[in-house]
Amino acid sequence: MATSKQRWLARAAVVAAFAAVVVLLVFAGLKTLMLLIMGVGAVVVSVVAAYWFLTSRGFVRWFALAIGVLTPIVVLVFLIRANLLAVVLVTIGLLIVAALCARAALQDDESGSPVPEHPPSPAERPFFVMNPNSGGGKVGKFGLIDKARELGAEVYVLDAAHPVDVADVARKAVDNGADLLGVAGGDGTQALVAAVAAEHGLPYLVISAGTRNHFAADLGLDLQDPSRCLDALNDGVDIYVDLGTVGDRPFVNNASFGAYAEVVQNPSYRDAKTSTVVRMLPDVLAEQQGAKFVVHVQDRVIESPQAVLVSNGPYETADLAGLGQRPRLDLGTLGVVALSVNSPRQALGLLRRAHRRGLTQATALEVIVDADRPEIPVGVDGEALIFPVPVRCEVRPAALRVRVPRNRPGVTRPRRKVDLVRLRQLAGFTALDA
């Protein structure tokens, strides 16, 4: 049953979209078609320039960069000289309002709800592994060691000069009576200890002290103040999430193959990520180095993708690089993104999903990656590892019981696609379905 709020949001979306068209036609007049052509042309030129920048070296690379930078500047100068900048900005603003209202109006079903919460069991002897070097020293900056100990937790502090098997550390803690495990560190360390917690059926607590904190972000935890994650000890709830495995290695974010995995293997990646990526991509994307893959996603076979990303839970459908957020981690499926772009035409095709070979997005219970080499590099939660082929990725549904604070600032609802038919129904232009 649609609510009054949904109806008014739907009407606002329709009105804003109509107003955008009116503003463009009234104030741009005969120049409207020219603006549309210019907008499409600018996007095409920018995408092609980005492709050549990523896949070329020397003069071609820097010429492509110059074109990519100059294109929006040229468009901006033209709009100012033609007195159309205000018209375009107002039109864009109205379209954004329309999109936001439409999405809000359509957020009405249970599939868009966050992960269900459950009452926690008491934790008498929590145990934490903390990496003082992770995230630029967040453990020390936020006093996480002392705060955890004040709450009755035992803390094991990692020492870069004396590497240890964190999974073994966690198992020994369980043998000594720990009834809750947790980590303040990156996703790789999170996954290893999470697997031990799942193995023993213990609650697991995530502290967002890593560099990128993908898993913590998907759980809705506070990324600005990691100490707030410790609130889960006193005022927490439990949620059940999936664990991924690649070979015998667990992951809480993703396993990556191809271009990204090749880059992660480079020793300079840790200290200079951007420059390493820019330097290596021409060879990787041009298939001058790296293995050639065959990916089996249930009954589908993907030949020679340049990059493959397997996540324990799908990213938003518009997220091609796994850089966004997963609103649900309990769907019991892996998310798969396979990308192959060998020409500017295929790069443009990704914008309108025109080339099936260029992009594959799917969900699956199992993904098998084979290659023309006996071993391949794999990025597992950002860690550079080597696996023998074939590499099998699987999902363990609801394997991990995560203890999170009751109040979390980053909890999001999955975004539904804008269904124009449903939107018209809510706005009152057609009859609502029963």
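1. A word on conventions. Residues are numbered from 1 along each chain as its sequence is written. In this predicted model local features need pLDDT of at least 70, side-chain atom pairs count only at pLDDT 80 or more, and totals for chains, interfaces and linings use all residues, while side-chain values use heavy atoms, with hydrogens and water left out.

2. Salt bridges overall. The structure holds 10 salt bridges, a term that stands for a side-chain nitrogen of Lys or Arg within 4 Å of a carboxyl oxygen of Asp or Glu.

3. The helix pair. R171 and E199 form a salt bridge through their side chains, with 3.5 Å from N to O. R171 belongs to helix α7 (residues 166-175) and E199 to helix α8 (residues 187-200), so this contact ties together parts that are 28 residues apart in sequence. Helices here are DSSP runs of H or I with at least four residues, strands are runs of E with at least two, and both are numbered from the N terminus. R171 is partly exposed at a relative accessible area of 34%, and E199 is partly exposed too, at 47%. For reference, buried means under 20% relative accessible area, exposed over 50%, and partly exposed in between, using a 1.4 Å probe and protein chains only.

4. Do look at D238, whose side chain meets that of R401 in a salt bridge of 3.1 Å, N to O. This pair links distant parts of the chain, with R401 in strand β16 (residues 391-405) and D238 in strand β5 (residues 236-246), 163 residues apart. R401 is buried, with a relative accessible area of 16%, and D238 is buried at 1%. D238 also meets R403 in a salt bridge, at 2.5 Å from N to O. R403 lies in strand β16 and D238 in strand β5, so the pair ties together parts 165 residues apart in sequence. Both D238 and R403 are buried. Through shared partners, salt bridges join D238, R401 and R403 into one network.

5. The open sheet. Six strands, in the order β12-β11-β10-β7-β14-β15, make up an open sheet with antiparallel pairing; two strands count as paired if DSSP finds at least two bridges between them. At the edges are β12 (359-364) and β15 (383-388), each pairing on one side only.

6. Strand β11 (residues 334-339) runs antiparallel to β12 and is joined to β12 by 6 bridges. V337 has Q361 in β12 as its bridge partner.
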